[in-house]
Amino acid sequence: MDFADLIRKRRMTRSFRSDLVAASVLDRVLDRGRRVPSAGNSQGYDFVVLEGQQTALYWDVTLPYKRRAAFRWQGLLLAPVLVTIWADPQAYLRRYSRPDKTETGLGKSLDAWSTPYWLVDGAFAAMALQFAAIDEGLGVLFFGMFEHGEAVAKALGVPSDRLPVGTIALGWPDLETEEIGRSANQQRRSLNGSIDSVVHRGGW
Ligand SMILES: Cc1cc2nc3c(=O)[nH]c(=O)nc-3n(C[C@H](O)[C@H](O)[C@H](O)COP(=O)(O)O)c2cc1C
């Protein structure tokens, strides 16, 4: 897909068909997700991928069975793939302790970082992965783990020093049952020209 079209057509999908995603397609998506820039090339992100029946490991923790029937997005529960993304802050300390980075002082402590690049890089990976999936014709929803991060990490065997970036549900969109999300009708902020615009040229 042309990149401008990809950007224009990108929308979150909240209703999926349960059809599995072919291994070759999923592998391409995951491969593109990891090819992002990262601070010091630290690459401090990991994807834990759940397919088919394995997705129950995630839903059993975040949406216990008795609450499931009342869940608004039933079609989300059918997503055949869930990719949880985890940031590895320690990878940044290790990388920035190396001789070519020691002068930055960032290898000493996570408190020295004014911006937590492990979350920036994890978010970049999440976005690249979503674009790659949409490029394959798949639908995606990025959503948070909220208060369940630790419990999900435990259920999936994620090391305890990793931080949750979020979860991407991925699969073939079910166009018949798809509804737009509550926030999607918020007007997109304008490019520039008003006080509320996104772009501030020459200063705020
Ligand atoms: C960091 C982040 C967290 C999000 N969390 C949720 C979520 O928990 N549930 C949900 O339905 N959508 C979630 N979304 C999707 C947003 O609601 C959606 O991107 C926004 O309304 C704009 O709609 P669009 O992406 O379809 O253009 C999240 C998006 C981001 C970037």
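Which polar backbone atom is 2.9 Å from an oxygen atom of the ligand? The answer is in the first view. The model is predicted; local features need pLDDT of at least 70, side-chain atom pairs count only at pLDDT 80 or more, and totals for chains, interfaces and linings use all residues. Residues are numbered from 1 along each chain as its sequence is written, and side-chain values use heavy atoms, with hydrogens and water left out.

**View 1. Residues around the ligand.** The polar backbone atom 2.9 Å from a ligand oxygen belongs to Met-12. This is a polar contact (a pair of N or O atoms within 3.5 Å). From Arg-14, a polar side-chain atom lies 2.7 Å from an oxygen atom of the ligand. A ligand nitrogen is 3.3 Å from a polar backbone atom of Phe-142.

**View 2. Ser-42 in its loop.** Ser-42 sits in the loop between helix H2 (23-34) and strand S1 (45-51); helices (H or I, at least four residues) and strands (E, at least two) are DSSP runs, numbered from the N terminus. Ser-42 counts as buried because its relative accessibility is 14%, and buried means under 20% relative accessible area with a 1.4 Å probe, protein chains only. A polar side-chain atom of Ser-42 lies 2.6 Å from the backbone oxygen of Ala-39. Leaving out residues up to four places away in sequence, Ser-42 touches Ala-91, Tyr-92, Arg-95 and Tyr-96, where contact means heavy atoms within 4.5 Å.

Key: Buried < 20%, exposed > 50% of the residue type's maximum accessible area, 1.4 Å probe, protein only. Polar contact = N/O pair within 3.5 Å; in protein donor to acceptor, adjacent residues only side chain to side chain.
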